[in-house]
Amino acid sequence: MKSLRVLEENNTCIILGFNGKGSDVALVAYNELARISARTRCRRFTFFIVTNKPSPYYIEDLRYVLQNNIAYTIVMRYVGLDMEKLSRLIDEIRSSGKPLIGVVESDMEEISRLLEEKGVQVIRV
Amino acid sequence: MGKYEVVLTVDRSMMSNHHGKEFLGFMATGPAMGIPEKLWQWLAAPKIKVDSEGRPVQAPYGMRKVEAVLIDAGFKAAIIDPDHLHKHLDTMKVMMVGHHDYFAYGPPSSEFWSMTGKEPLNRRLFIKFMNSPVVRKAKEKGVRFIMGGPAAWQWLWELELWKKWGVDTVIEGEVERVIVDLVQKALDGEELPDYVYVGPGDSPSIEEIPVIKAASVNGLVEIMRGCPRGCKFCSVTLRPLRFIPLEKIREEIRVNKKAGIKGVILHSEDVLLYGADGVRPRPEPLLKLHKMVAEEVGPKGDIAWAHASLAAIKYAEEEYGLVSKLMHEYILNEHRNLLGLEVGIETGSPRLAKIIMPAKSLPYKPEEWPDVVEDAFRIMHENYMIPAATLILGLPEEKPEDVVKTLELLDRLRPYRSVIVPMFFVPMGALKKNMWFMREHLKPEHIDVLVKCLEHSIYWAEEIINRFYLKEPYLAPVRLGIKLFLRFAKRGLKSLKPTLEAMIRK
């Protein structure tokens, strides 16, 4: 995946994993994003969406957060449940040196484990 | 036949100059009322002239900016009229659409929709456009669709249509700094993000905002971006305040003049804050701006303001006599007998003003808001400025006594020439079921406001039409159409109150 110039430069990447509790995951992710921004002054975030919901229907779960955001640049990319793609993506982000965290629904243990194995901090929701 | 790989386009409700009269464009935000839809559409959004490639002689300003950025970056890009898209099917790889109100969820479309139960024209035309054979063919051929503009957020509520039409990316915010790379990636067949929100930190600088390459609708030119009022709910205010230099404004006016447009609409969230000291207007930059504009358009060209705040109107006049000065020295003459603009009243309740818009009355206190509104309306009336004013009903913390205050303010505004449009503050979930919203949220005192606004607006619209508007002989059919509608609205006024009361009783 080629990142967007400007919008995905000096950004923080957040992997959102959800099946049934998307809106809870989105709220936790947004709080985390605000905390990171306050700490690091980062204003650009890319959400990678790991979910069983097809694109663009997953957006229904994130709508509240997206509609209330007026402060940060947000880029949203769909991953689905393709574990190979996710694994490659994590490696790519890690090798680029960008900050990366995961916010994952508690019953998506496989995703959380994969992230943790690759040294990514995971917040379980 | 075609030669453009990036095509910017939109449906007819936006791709029109509305007979050269911007206010007529608002008719596209409602369904046909009292006259056949075809006539309504012709009144609101007639077809625009195009060249042999289907490029319109005038196009929406925001799209012109994006077009200019892409052309400057070396893309083969152009705005194409929706009726001429077929000429570019062979070359088009990216189709970009910008809109003010894709699905009629914005004001005042949603109000018209709620009150009449009929889909507004803008929504119908956009859906028809996206379902058209040429757009479907483009998708089949692998053209990538990027949707943007001020109403981009509405796609978040139309996921079925997003999927059905194969939209690739929805982008919100000021895009000048970032759009080139997104389009390049679309052309290169790269994976695109579903959604992008360009935050205020990535807003373009003055240098990054290009001069438009071809004419904008009715000569609209931007004079500033951002707003210093700092309202917490508004994204515009978070963006850096940028005053467009006079030279750049002049260049754009000349682009428009070259295309035969005789007038200028100065666009800003608040025209009187051009070059201001915070929220206090300053005479010097405003006088220079209007002097330059008047010189450019000459004595016969129209001049209009997009928006101004009521507090700035009062302050500018009372401190410096500035409104009268601008109107009498630069705007009014034997050919220009009015200045149209939009203003926001929002509420007549000081209590509510303090909660929802504490900065809107600055430099006056929110407690003084009704007086600020009336003083500004008097100043505008005396200076032949005709405002289209908005009110918001149903705000989350609104109480019946707040609406009564708004009714009292409407009585005070009766003597002043204006059109007042009530809008509902609509939580989006409710909007999805429009009639439900009306039944659940409409209160008896709201009905009184709706009726009073309509009475006020019909009374003054007749006076405006008879004395000031649509005087040009070639606009006689438009004038007739508007008069027919006003007659229908006047007749409907008698039955409006009982109809709405019956609706809330159900």
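Some ground rules before we start. Residues count from 1 along each chain as its sequence is written, while chains are lettered from A and ligands numbered from 1 in the order in which they are written. Because the model is predicted, local features need pLDDT of at least 70, side-chain atom pairs count only at pLDDT 80 or more, and totals for chains, interfaces and linings use all residues. Helices (H or I, at least four residues) and strands (E, at least two) are DSSP runs numbered from the N terminus.

**Chain A**

Let's open with a pair of strands. Strand E1 (residues 12-18) of chain A runs parallel to E2(A), and seven bridges link them; two strands count as paired if DSSP finds at least two bridges between them. One of these bridges puts A:Gly17 together with A:Val50 of E2(A).

How many residues of strand E2 (residues 44-51) of chain A are buried? Eight of its eight residues are, so the strand is mostly covered. Here "buried" means that 20 or more other C-beta atoms lie within 10 Å of the residue's own; 12 or fewer makes it exposed, anything in between partly exposed, and the C-beta atoms are placed from the backbone. A:Arg44, A:Thr46, A:Phe48 and A:Val50 point one way from E2(A), with A:Phe45, A:Phe47, A:Ile49 and A:Thr51 pointing the other way.

In general, strands of a sheet pair through backbone hydrogen bonds, either parallel or antiparallel.

One open sheet has three strands in the order E7-E10-E11 (chain B), with parallel pairing. Its edges are strand E7 (220-222) and strand E11 (303-305) of chain B, each pairing on one side only. From one strand to the next, the twist averages 25°. Strand E10 (residues 264-267) of chain B is joined to E11(B) by three bridges, and B:Val264 has B:Ile303 as its bridge partner in E11(B).

Another open sheet, again parallel and three-stranded, has the order E12-E13-E14 (chain B). E12 and strand E14 (419-424) of chain B are the edges, each with a single partner strand, so one side of each has no neighbour in the sheet. Direction ignored, neighbouring strands are turned by 20° against each other on average. E12(B) and strand E13 (residues 385-393) of chain B share seven bridges, and B:Glu346 stands opposite B:Leu391 in E13(B). Between E13(B) and E14(B) there are six bridges, with B:Ala388 partnered by B:Val419 in E14(B).

Is strand E12 (residues 339-346) of chain B largely enclosed or left open? Seven of its eight residues are buried, so the rest of the structure largely encloses E12(B). Helix H17 (residues 444-467) of chain B lies across E13 and E14 of chain B, at about 150° to E14(B).

For the angles here, axes are lines fitted to C-alpha atoms, for helices over the stretch in contact, and angles run from 0 to 180 degrees between N-to-C directions. Two helix pairs go side by side:

| Helix pair | Crossing angle | Axis separation |
|---|---|---|
| H2(B) and H7(B) | about 70° | 10 Å |
| H9(B) and H11(B) | roughly 15° | within 10 Å |

H2(B) and H7(B) are therefore roughly perpendicular, whereas the angle makes H9(B) roughly parallel to H11(B). (Under 35 degrees counts as roughly parallel, over 145 as roughly antiparallel, 65 to 115 as roughly perpendicular and the rest as oblique.)

Contacts are residue pairs whose C-beta atoms, placed from the backbone, lie within 7 Å. B:Val66, B:Val69 and B:Leu70 of H2(B) meet B:Ile179, B:Val180 and B:Val183 of H7(B). In the other pair, B:Pro283, B:Leu286, B:His290, B:Lys291 and B:Ala294 of H9(B) meet B:Leu322, B:Leu326 and B:Tyr330 of H11(B).

Helix H1 (residues 37-44) of chain B has B:Trp40, B:Gln41, B:Leu43 and B:Ala44 buried. These four cover an arc of only 160° around the axis (taken from the directions from the helix axis to the C-beta atoms), which puts them on the same side of H1(B).

**A closer look at B:Met95**

B:Met95 sits in strand E3 (residues 94-98) of chain B. B:Met95 is buried, because 23 other C-beta atoms lie within 10 Å. Leaving out residues up to four places away in sequence, B:Met95 touches B:Val7, B:Thr9, B:Ala138, B:Val143 and B:Phe145. B:Ala77 is 18 residues away in sequence and 9.8 Å away in space, C-alpha to C-alpha.

Technical notes. Two residues are in contact if their C-beta atoms, placed from the backbone, lie within 7 Å.
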